[in-house]
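Subject: The structure I promised you

Hi,

Below I go through what turned up in it.

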Amino acid sequence: MTTADVSGAPDDLGGTPGGAAGGPVAARKAPPSRRRALAGWAICLASALLLAFGIRAFVFQAFSIPSTSMVPTLDVGDRILVQKAFFDWHQLREGDIVVFTHPPRDHCGGPAGTDLVKRVIALPGQTIYIDGRRLREPYLPPHDPLGPPIPGATRQDPFHVPRGQFYVMGDNRAISCDSRFWGPVKGSTIIGRAVMLLWQDSHPDFRFF
């Protein structure tokens, strides 16, 4: 729609100057059909904005990485797209990157109340050795230091993940504050699963996980 479509008075209002149909009041007043058209466009625009914000809030959301705990996969300032709607934590698999609310037992000194990003290592009911088989982790460097061990767990007596909870760890195992420090996270606290990398190394980098 051009500017001419929404401003000014029609050329053929008719009547003589000052008459009932062509006086100053009629010239300033848009016809009812035009007002309805403008109202329709306003409603469409408002609906589009509400839909856009609704998709952002309830379907997908971009998250910024706050620390180096996910290096080399994700570094500080990288941005990921997280699926929130139609997300079911029962469908998570080992290796998925997830965003979850801050664990109440986290005393590692990071920003309080922020959402965290980690990788799922073990599912509910599994042991930390993934039921006797070693988890293949191609996202880790070949000689990545593992960092602190799982508290109280041995190969003979591995950690057993409780029902409805997930054992999560950062890819940067040497420095990551994760389930080794505050235990597994409840599935109900997981906000969503990372589906795409949006920004990395200070430039756009669209890549699916």
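Let's begin with Tyr-139. Leaving aside its neighbours within four places in sequence, Tyr-139 is in contact with Pro-72, Thr-73, Gly-95, Arg-119, Ile-121, Asp-171 and Arg-173. Bear in mind that this is a predicted model.

Tyr-139 sits in the loop between S4 and S5. Is Tyr-139 buried or exposed? Its relative accessible area is 17%, and buried means under 20%, so Tyr-139 counts as buried.

A few of its partners deserve a click. Arg-119 lies over the face of the Tyr-139 ring, at 3.5 Å from the ring centre. The side chain of Glu-137 makes a polar contact of 2.9 Å with the side chain of Tyr-139. Then look at Asp-171: it is 32 residues away from Tyr-139 along the chain, yet 7.5 Å separates their C-alpha atoms.

Pro-72, another contact of Tyr-139, has something of its own to show. The peptide bond leading from Val-71 to Pro-72 is cis, with omega near 10 degrees. You'll find Pro-72 in the loop between strand S1 (60-64) and strand S2 (79-83).

Now for the nonpolar parts. In soluble globular proteins, nonpolar side chains tend to be buried together. Here the largest nonpolar core has 13 residues, and the members touching the most others are Val-98, Phe-100, Phe-166, Val-168, Trp-182, Val-185 and Ile-190. At least two residues of this core come from each of strand S3 (97-100), strand S4 (116-122) and strand S5 (165-169). Another core lies apart from it, with eleven residues, including Leu-74, Ile-80, Val-99 and Leu-197.

Which residues does it contact, once neighbours within four places in sequence are left aside? They are Phe-100, Pro-103, Gly-164, Gln-165, Phe-166, Val-168 and Ile-190.

As for rings, a search of the whole structure gives three aromatic pairs.

Last, two backbone angles. Phe-86, in the loop between S2 and S3, has a phi near 55 degrees, which is positive although the residue is not glycine. Ser-202 also has a positive phi without being glycine, near 65 degrees, and its place is in the loop between strand S7 (190-200) and strand S8 (203-208). Are these two buried or exposed? Phe-86 is exposed, at 77% relative accessible area, and Ser-202 is exposed too, at 64%.

Cheers

Note on methods: Residues numbered from 1 in each chain as written. Predicted model: local features only at pLDDT ≥ 70, side-chain atom pairs only at ≥ 80, totals over all residues. Heavy atoms only, no water. Core = buried A, V, L, I, M, F, W, Y, C linked by side-chain atoms within 4.5 Å. Buried < 20%, exposed > 50% of the residue type's maximum accessible area, 1.4 Å probe, protein only. Helix = DSSP H or I, 4+ residues; strand = E, 2+ residues; numbered from the N terminus. Contact = heavy atoms within 4.5 Å. Phe/Tyr/Trp six-rings, centres within 6.5 Å; stacked < 30°, edge-to-face > 60°. Lys NZ or Arg CZ within 6 Å of the ring centre and 35° of its normal. Polar contact = N/O pair within 3.5 Å; in protein donor to acceptor, adjacent residues only side chain to side chain.
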